[in-house]
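User: I would like to understand how charged side chains pair in a protein model. Could you take me through the structure shown here?

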Amino acid sequence: MAGFIISGSDFYPAIIFNPEENIFAIRGISTPENGKEFYKPVISWLEVYAKHPNHHTELLIDLEYFNLSTSKALLFIFYLLCEMHEAGQRIKVTWCYRDAYILSAGRDYAFMVKIPFEFRKVSYYDHTFQEAEA
């Protein structure tokens, strides 16, 4: 399956879903005015991926800030991962945080969707993906 990549900007996160390399990440700042529209192709790609996923899928979420519109889209993404988990796939979310607000949001998601979450405190952020990830 072909990967899915969106370059990040000041208002949109960088997204890289590369099943061949088993890299799944959403990084940066996510404040689109219409998160539903921005995340629609992301969710569509994940719906197709969910039909024939890798044996193990780990999604890295490293958002410095996100708005309510993004929050709703993330919940849809986590629901898809939850369905995969319930179907027997190994699923994990690594939730990076810099402050209590982001940590609390991650804990709320982990409570709502019942998939394994790992919480990782980070101290800085590089807005670009490493070449190895691309």
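**Salt bridges in the predicted model**

Analyst: Arg120 has a relative accessible area of 36%, so this residue counts as partly exposed. The model is a predicted one.

User: With which residue does Arg120 form a salt bridge?

Analyst: Side chains of opposite charge can pair when their charged atoms come close. A salt bridge requires a nitrogen and a carboxyl oxygen within 4 Å. The closest N and O atoms of this pair are 3.5 Å apart, and the partner of Arg120 is Glu118.

User: Which residues are linked with Glu118 in a network of salt bridges?

Analyst: The side chains of Glu118 and Lys92 also meet in a salt bridge, at 2.5 Å from N to O. Lys92 lies in strand β5 and Glu118 in strand β6 (residues 117-121), so this pair ties together parts 26 residues apart in sequence. The residues linked with Glu118 in the network are Lys92 and Arg120.

User: Where does Arg98 lie, given that the side chains of Asp62 and Arg98 meet in a salt bridge?

Analyst: The N to O distance in the salt bridge between Asp62 and Arg98 is 2.8 Å. The pair links distant parts of the chain, 36 residues apart, with Asp62 in strand β4 (residues 56-66). Arg98 lies in the loop between β5 (90-97) and α3 (100-113).

User: Is Asp62 buried or exposed?

Analyst: A residue is buried when its relative accessible area is under 20%. Asp62 has a relative accessibility of 6%, and therefore counts as buried.

User: How many salt bridges does the structure hold?

Analyst: One of them joins Asp62 and Arg98, while Lys92, Glu118 and Arg120 are linked in a network. The number of salt bridges in the structure is three.

Technical notes:
Residues are numbered from 1 along each chain as its sequence is written. This is a predicted model: local features need pLDDT of at least 70, side-chain atom pairs count only at pLDDT 80 or more; totals for chains, interfaces and linings use all residues. Side-chain values use heavy atoms; hydrogens and water are left out. Helices (H or I, at least four residues) and strands (E, at least two) are DSSP runs, numbered from the N terminus. Buried means under 20% relative accessible area, exposed over 50%, partly exposed in between (1.4 Å probe, protein chains only).
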